[in-house]
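Biologist: Could you walk me through this model? I have not looked at it before.

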Amino acid sequence: GIVLVAINPYEQLPIYEQDVIYAYSGQNMGDMDPHIFAVAEEAYKQMARDEKNQSIIVSGESGAGKTVSAKYAMRFFATVGGSASETNIEAKVLASSPIMEAIGNAKTTRNDNSSRFGKYIQIGFDKRYHIIGANMRTYLLEKSRVVFQAEDERNYHIFYQLCASASLPEFKDLGLSKYFDLPTSQW
């Protein structure tokens, strides 16, 4: 299939605006510069033409911009599918698992907020190719991080957040106080 190598610039660039989405919409692969919108357009076009499911795999190491690239692809689908203003599907899909994100992010040497979860996002389209729904499945990528972390890295953020809030009155309601009364070596 098509392979796009993208580099995370770590800043907002004007290459992901609405007018760029419209510029790539309806174009053939290779007619314009390589872009996540070109990949999304090709998948969208093949879905409509062949009436078959399509997949876009976004892969890379920590901090590479996988989540941002997935957001841009969803924004493209929502815009060309006529759903952007109606449902804001991109925001809804990405906001669907805040608890998993809070529990599943850690600090690595390359990324201060690296997700330890893989995500499988499935977007449903109707017969007019408008988005009608989506769901996201998550799966734990690095179980080893539960019990071990490399030098200069942190374990899951939730652990440190719980430790920092152990003295708050509402912490008692969680039923975890007995674990935080233990010496640090026994956690």
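**Cavity, pocket and contacts**

Modeller: The largest cavity has a volume of about 40 Å³. This is a predicted model, where local features need pLDDT of at least 70 and side-chain atom pairs count only at pLDDT 80 or more, while totals for chains, interfaces and linings use all residues. Residues are numbered from 1 along each chain as its sequence is written, and side-chain values use heavy atoms, with hydrogens and water left out.

Biologist: What counts as a cavity or a pocket?

Modeller: On a 1 Å grid over the protein atoms alone, a cavity is a set of points where a 1.4 Å probe fits but cannot get out, and a pocket is an open set with protein on both sides within 12 Å along at least five of seven lines. Lining residues have an atom within 4 Å of a point. A volume is the space filled by probe spheres set on the points, which are joined across faces, edges and corners.

Biologist: Which residues line the largest cavity?

Modeller: Its lining consists of Y24, Q27, N28, M29, M32, A38, E41 and E42. The largest share, three residues, comes from α2; helices are DSSP runs of H or I with at least four residues, strands are runs of E with at least two, and both are numbered from the N terminus.

Biologist: And the second largest pocket, what is its volume?

Modeller: The second largest pocket has about 800 Å³. It is lined by 34 residues, and L4, A6, I36, V58 and S69 lie nearest its centre. Two or more lining residues come from each of α2 (36–50) and α3 (66–80), with α2 giving the most, five residues.

Biologist: Switching topic, how many aromatic pairs are there?

Modeller: The whole structure has nine aromatic pairs. Rings of Phe, Tyr and Trp (its six-membered ring) pair if their centres lie within 6.5 Å; planes under 30 degrees apart are stacked, over 60 edge-to-face, and the rest tilted. The rings of Y24 and F37 have centres 6.5 Å apart and planes at 65 degrees, so this pair is edge-to-face. The pair links distant parts of the chain, with Y24 in helix α1 (residues 18–24) and F37 in helix α2, 13 residues apart.

Biologist: Are Y24 and F37 buried or exposed?

Modeller: Both Y24 and F37 are buried. Buried means under 20% relative accessible area, exposed over 50%, and partly exposed in between, with a 1.4 Å probe and protein chains only. Y24 and F37 also belong to one aromatic cluster, whose members include Y16, Y44, F76 and F125.

Biologist: How many salt bridges does the structure hold?

Modeller: It holds two salt bridges, a salt bridge being a side-chain nitrogen of Lys or Arg within 4 Å of a carboxyl oxygen of Asp or Glu. R49 pairs with D50, with the closest N and O atoms 3.1 Å apart. R49 is exposed at 55% relative accessible area, and D50 is partly exposed at 35%. In the other, D126 and R128 have their closest N and O atoms 3.9 Å apart.

Biologist: Last one: how do β3 and β4 pair?

Modeller: Strand β3 (residues 117–125) and strand β4 (residues 131–140) are antiparallel, over nine bridges; two strands pair if DSSP finds at least two bridges between them. I123 stands opposite A134 in β4. The hairpin has five residues between the strands, and Y129 takes a positive phi near 70 degrees there.
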